[in-house]
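Open your viewer and get ready to click along with this tour. We will pick out parts one at a time and look at what is there.

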Amino acid sequence: MAKLTAEKIAELKGQGFIMQRDKEHFVCRIVTVDGTMDSKKIRKVAEISEKYGEGHMTFTSRLSIEIRGIKYEDIDKVKDELKEVGLYAGGTGARVRPIASCKGTVCVWGLLDTQELSRIIHERFYEGWYDVKLPHKFKIAVGGCPNNCAKPDLNDLGIMGQRKPKLDQDRCLGCKKCAVEETCKAGAAKRVDNKMNIDFDKCRKCGQCIGKCHFDAVELDKEGVKIFLGGKWGKLPRVGDLVNNIFTVEEALEFIEKSILYYKEYGKDGERFGDMIDRIGFEQVEKVLLTNEMMDRKEEILSAQSM
């Protein structure tokens, strides 16, 4: 391999080809969109791995697939063969990263179609905003319920499915064996003086108690998603701040857009979203994001960027 400049290595990394420790080969990071891949595509990935790599694949925590052992002179060939089945490498750089999703689409605990929502977010913000340079990487995760498998609270922006119960105490007959109380793992639903009570400070809004009462004392109040801001893993992990609202999917998509715009406008170069929130204050950030200020200034903010 001819000696590559630091600029060329950085350029290739931005395209999803990351130099390995041996300084002679590259890892190709293939974007899976929502963590799923049909059989035709996975066969092509395996074929490329055998043809240009080491013959096996690894999976990242963001659900991307990596082929290692690729030579520099084969990178263009790999790109062309991925393109044959609609695949591409990427997932690096100071931009919106590929979306991580749990299996809420098929999981018995899932409160929404997580993979479909991930595809929508991917198309709108990973692909649509690919050329928008941000202060640092911006990771989004979609979780189907409070089981938290996709760790939305440890992403720059996390979405979690929610089903808030509504209690009608007049319907509660004070059953000695209460199905609602037995169902609630958070200890939020408790009988007090033979009447059901729900402590909404403890309630995780998993929705499992809804419909469990034989006398319809607990029904659905509100359905949607909640949003965490500023979470991250790494050497200095940070649990995301919870926005005080339950959003519809459409509202959540707009909130994502406002969050990215805010980050671009107020984040410092090299600063993670959560660090920016700590510097400015969560209450101030939340206050602005719950208004239309960022959308009103969208064109101004985006026109000020340069790649």
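The tour goes from domains to cores and then to a cavity.

This is a predicted model, in which local features need pLDDT of at least 70, side-chain atom pairs count only at pLDDT 80 or more, and totals for chains, interfaces and linings use all residues. Residues are numbered from 1 along each chain as its sequence is written, and side-chain values use heavy atoms, with hydrogens and water left out.

**Domains.** Colour domain 1 (4-87), domain 2 (94-160 + 223-301) and domain 3 (164-222); these bounds come from an automatic or database domain assignment. The centres of domain 1 and domain 3, taken over C-alpha atoms, are 50 Å apart.

**Cores.** Next, select Ile121, Phe138, Ile159, Ile227, Leu229 and Ile256, which touch the most other members of the 36-residue largest nonpolar core. A nonpolar core is a set of buried (under 20% relative accessible area, 1.4 Å probe, protein chains only) Ala, Val, Leu, Ile, Met, Phe, Trp, Tyr and Cys residues joined through side-chain atoms within 4.5 Å. Another core, of 18 residues, lies apart from it and includes Ile65, Val78, Val85 and Leu87.

**A cavity.** Finally, select Cys175, Cys178, Ala179, Val180 and Cys213: of the 15 residues lining the largest cavity, these lie nearest its centre. Here a cavity is a set of points on a 1 Å grid over the protein atoms alone where a 1.4 Å probe fits but cannot get out, and lining residues have an atom within 4 Å of a point.

Conventions. On a 1 Å grid over the protein atoms alone, a cavity is a set of points where a 1.4 Å probe fits but cannot get out, and a pocket is an open set with protein on both sides within 12 Å along at least five of seven lines; lining residues have an atom within 4 Å of a point. Buried means under 20% relative accessible area, exposed over 50%, partly exposed in between (1.4 Å probe, protein chains only).
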